[in-house]
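Morning, everyone. Please bring up the sequence and the structure on your screens. I'll keep this short.

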Amino acid sequence: MSDELKELKEKLFSARKNGWDRISAEDAAGIDGYCEDYKRFLDAGKTERLCAKEIVALAEQAGYVPYERGMALKTGDKVYVCNRGKGVMLAHLGRRPLDAGAQIAAAHIDSPRLDLKPNPLYEDGELAYFKTHYYGGIRKYQWPTIPLELHGVVALKDGTSVAVNIGGDDGDPRLVITDLLPHLGAEQGRKPLAEAIPAENLNLLLGSRPVAGEGSDRVKLAIMQLLHDKYGILEDDFTSAELEAVPAVKACDIGLDRSLIGSYGHDDRVCGYAALRALLDLEETPEKTAVCVLADKEEIGSDGVTGMQSAAFDTFMEDLCDAQEVPLRVCFEKSFCLSADVTAAFDPNFAEAYEKRNAAFLNYGIGLCKYTGARGKSGASDADAETVAYVRRVFDEAGVIWQIAELGKVDLGGGGTVAMYMANRNITTLDAGVPVLSMHAPFETVSKLDCYETYLGMKAVYRSVF
Ligand code: MN
Ligand code: MN
């Protein structure tokens, strides 16, 4: 190739490269420490409630205080509200008043899992089980024959509630869902993947040892007795419980080079943690108020009182605005939101599902998604070109490694995020997030470099002025 052509190509063509070939020595040095903290965060918060609790603890350590309505607020103040124990909203009051808008990062902290049904406990074949109803988009065949643990609360009629943790601590017993042996699996093996494990087969094995004596349901009785001894609960109390089975596996490094992290719940705690950590780590008071929203219920459509569609967010923002006598609508129309949620990483094992020119790759940094959705962008907020240009500029100026990301081939499927619920509020919004391998599986994989670049990206957004 002539030098002239080479020069022209260098000038005109995109020069996106692997992040490891682009990252500064200073940024590379920050990755490991950040990722160790992130792994601890994952292990501490395997459910939305535990995750919210951990977020509140980290926020308080960083000087954030619970916001109370009517509180006087001034520049530099750091406040948070925990929404019913399942979501957290935090704000660092900026130099400019809220009529200049806020710089918002929104992510979700709920992940696909198996919830217990309201009447879960039964005995069959002299074994005790819990019935489950899955939460979010799972591939059901992935959940049998892995160790599971159970977390949640049982709310009692007297207004108290009991925190349940079975399998979360070292040395605890674990739960499991069984599968058919291959010797008898010929018929099951011919079924489509989505039908081979029916939802009603996702029953958690609880025990096998009957109470001494005669009669039926003695294994179930033994299990109920253990639960009563430990938690003081009766069978009817399951009616007002939220108990969630999640994989009993800790976050760990993946790969001989330790460049990846495997864990349950990267979607979307990987973006949630980046959004949180970036806010807590802001060294200076931001120009505009920086807001971090960590919502629940994204995996089932963001509905409900703790989801992103809930007025809880508007109420939080309106309270902050009231303190400055700013109408909420004025704040919203000047605000920018980075809707931070994971995207699909190109997987060479399933290359046919991706369109390589627009797929996100591991180690290419935070993925910008102009739109998500399915069947012709349905259900997407589809950010305008100007908004994408603003984020490109902010990231480039801060040296953040980023890429574009579209979730798989057109018409193969699709996905949603909280973006449209922010955009519907008249907040300019763009989707971005960490590429993930095996998204929604009990054990998902992300790149450490991408985790860290997402954190740097969040910081740049909080500091910038939309
Ligand atoms: Mn997500
Ligand atoms: Mn998801």
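Start with strands S5 and S6. S5 covers residues 113-124 and S6 covers residues 127-135. They pair in the antiparallel sense, over eight bridges. Within that pairing, glutamate 123 stands opposite alanine 128 in S6. Keep in mind that this is a predicted model.

Now the sheet around them. It is an open sheet of six strands, in the order S8-S7-S10-S5-S6-S9. The pairing is antiparallel. Which are the edge strands? They are S8, at 161-166, and S9, at 204-207, and each pairs on one side only. From one strand to the next, the twist averages 30°.

Next, the metals. Aspartate 267 sits in helix H7, residues 266-280. Aspartate 341 is in the loop between strand S14 (336-340) and strand S15 (343-344). So the pair links distant parts of the chain, 74 residues apart. Both aspartate 267 and aspartate 341 are buried. Aspartate 267 also bridges ligand 1 and the manganese ion that is ligand 2. Those two ions lie 3.2 Å apart.

Last stop, serine 302. Find it in the loop between strand S13 (289-295) and helix H8 (312-323). Buried or exposed? Serine 302 counts as buried, because its relative accessibility is 1%. Beyond its neighbours within four places in sequence, serine 302 is in contact with Lys297, Gly307, Met308, Gln309, Val418 and Tyr421.

Terms used. Residues are numbered from 1 along each chain as its sequence is written. Chains are lettered from A and ligands numbered from 1 in the order in which they are written. This is a predicted model: local features need pLDDT of at least 70, side-chain atom pairs count only at pLDDT 80 or more; totals for chains, interfaces and linings use all residues. Side-chain values use heavy atoms; hydrogens and water are left out. Helices (H or I, at least four residues) and strands (E, at least two) are DSSP runs, numbered from the N terminus. Buried means under 20% relative accessible area, exposed over 50%, partly exposed in between (1.4 Å probe, protein chains only). Contact means heavy atoms within 4.5 Å. Donors are N, O and S atoms within 2.8 Å of the metal (3.2 Å for Na, K and Ca); water is not among the atoms, so sites may look incomplete. Two strands pair if DSSP finds at least two bridges between them. Axes are lines fitted to C-alpha atoms, for helices over the stretch in contact, and angles run from 0 to 180 degrees between N-to-C directions.
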